[in-house]
Every structure is written in structure tokens, then in C-alpha cells.
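Dear colleague,

I am handing over a structure that will be new to you, and I would be glad if you looked through it alongside the notes below.

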Amino acid sequence: MRDRFRDLEGPLAVRKKDVVLMATVSSFENLSHPTRSELRQFAELFMPLFQASSDEARRQAVAALSQCEHMPAAVALFIGSQSIEIAAPFITASQAISDDTLITIARTQGKDHVKAIVSRDSLSPKVIDALVALRQAGPRSAAPVAPITETPAVPLSPMPSEANEADALEEQRVANEAALRERILDLAGHLGRNDEDRLGLRTLTDIQEALLVRFARSREATHFATALADALSASRWLAERIMLDLSGQQLATTLTSLGMGFLDSVFVLEKLYPHLAEQQHNVTRGWMVLDALDPEECHERVEAWRRADRYTYKPEVPDAPALPETANYRFIRQAPPQRDMRVMGRRSR
């Protein structure tokens, strides 16, 4: 009987640790914004409990932690370094893993971990560059291993075939690197375009945006056209043509291209075009007009308008030859007084 209880003592102890592990994970999940002290305490409790628990409990704990928004860096690296059967859900889905942690996992673990990292929904350019560099460095380190196993079995005579095989392996390596690079870039495409990145684009300054909103609020169309022309670095004629579109489409395109905030753009459209303030499907018509625009198309269209404006609009330039003519005229008028003075001197004699 005692031997039987001794046999059950091990499984019961493991089950207790499984329960304690899940209870610790559950309590950590309930912390919406854990403090540094709470993160440190969780890291100290989690790792020993994880190592002492069963594989099933480990999988459940990792699956639960993959949904947490906050995670100690040490715990994230610890979980990511586990076997791929346990770490895969965490590596693939967790948003609490930093880029440095992902790079460390990719460099220290196997190709299965790298595949899990590549399958993430979001990859930063830093991680992408690290994965590409890791892929390029991988075959070089593995290359010296091949001749050690193959050299004894290969005779010395067929040297040309060995060279051909080496060339084929090199071509295959280059093709694999290119395929992996394209795969990673395709996976990174889901990140889309960052609308806040306006490097190289014409952008409203804070003062220009404030003036446009102010003039729209007071419905001062003349001052609004002047401010819009200044923001576009174009003629007033182009600004007025844009505002004459009563549908508001052209002004909405212009404001989107200039990077005005969405809510401010809606406010401007509704003030200058009152019919766009009408409600449709719980939003205004102005909101719908702006929401349907694509920023890149707006940039291209506004730049086309500006190019046409430069070709067609010629500002009034003062007549340049006016200054030389005036100078010559003054020079000519200086001679007659001298002649008059001579004549008057002769007469006085």
C-alpha cells in the first residue's frame, strides 16, 4: 500500500504545480497595466513553475500568455527558446515580443523558430533585415561541414563533376536567398503604408492648418483661397478653381494631399459646403467623401494640378527695360541746361 502511494506521489506533485502555473498565468492575465514590480515578480515565479510542469500545462500557459499585451522581456525570451511545439503559438501571435527578442530567438534557435517568426502578422524592417542577414550567413557556416563527410567517398579523378556540383549548390543557395527575401518582403506588405510618414510630400504647417480651419469656420472664402494658395505654393487662380467645385471633391482631395487631419478636413468641408453636413448612415456626406479617398491618388492629382498651374499661370513681372530707359533719359536731359547757360553767358556779354 505504501509503495502504491509512493507511485502516485510524483504525478500528484506535477498536477499541483500545473494548477499553480495556470493560476499564476491567470492572475497575470487579469493585470491590464502591470507595474515593473509585478512584471519582475511574475518572471521570478513563472520560470521555475514552467520547468516543473507537464507539457500540456506548458502549452496551455503559453497559449494564454500569447494574448497578453505586456510581458517581461526575460519571460518572452524564455518561452521563445522552448521547443517549437510549445513556443510556436507565442512566437507567431504574441504582440508583447520586442524586435530584439525576436532577433535573438532567430539567431539562437533553429529554422523552425525562424519560420514561426516569418509567419507573424507584423514584422518590422529591423527584424526583416536581421532575418535576411541570418539567411545569408547560414549557408556559409554550414559549408565546411559538407566536405568532411563527402571527401572520403569521392574519388580524386572526377574533379570537373565536383566543380559543377559546387556551382549548382551556389546557384541554389542564391536562389533560396532571393526567394526568402521576397517571402519576407511579401509578409511585411501587410503593414501597409504609414499615412503619418510624409517625407518628401508637401505638408501643411500648424499655422497654415489653423488658418484654413479659422477661415472655414467664419466662411471667409477669399481669405481661405489665399491661405490655400500659399499652402500649395500655387496661384490664387488654382485655389479658386479648387473651391469652385461645389461637390467638395477637389477640396477634399487637396486637403488629403496636404496632410490635414481627418476631423479638421471634415469640419472645413461642412463649413464651406453646407450640403456636405447632411447625415447619411450615421455620418455626414463630407465624412463619406473624405473616407473614400486614397492618399496616394490625391498626391498624384494635386501635383498634376500644380504642374498645370505653373505652365498656364504667369505672374505679372515689371517691365525690365524701364530702368535703363529712365537712366538714359536723365542722361540726355543733362546736356541742354549746359547749352542754355552758354547761350545766356554770350548774351550777357
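What follows is a short account of the cores and the salt bridges.

This is a predicted model, in which local features need pLDDT of at least 70, side-chain atom pairs count only at pLDDT 80 or more, and totals for chains, interfaces and linings use all residues. Residues are numbered from 1 along each chain as its sequence is written, and side-chain values use heavy atoms, with hydrogens and water left out.

The largest nonpolar core has 40 residues, and among those with the most contacts inside it are Leu21, Phe46 and Phe90; such a core is a set of buried Ala, Val, Leu, Ile, Met, Phe, Trp, Tyr and Cys residues joined through side-chain atoms within 4.5 Å. Buried means under 20% relative accessible area, exposed over 50%, and partly exposed in between (1.4 Å probe, protein chains only). Apart from this core lies another, of 33 residues, including Leu204 and Val213.

There are 6 salt bridges, each being a side-chain nitrogen of Lys or Arg within 4 Å of a carboxyl oxygen of Asp or Glu. In one of them, glutamate 240 and arginine 236 meet at 2.9 Å, N to O; glutamate 240 is partly exposed, with a relative accessible area of 34%, and arginine 236 is partly exposed, at 33%. Glutamate 278 forms another with arginine 285, the closest N and O atoms being 3.5 Å apart, and here glutamate 278 is partly exposed at 42% relative accessibility, while arginine 285 is partly exposed at 29%.

With best wishes
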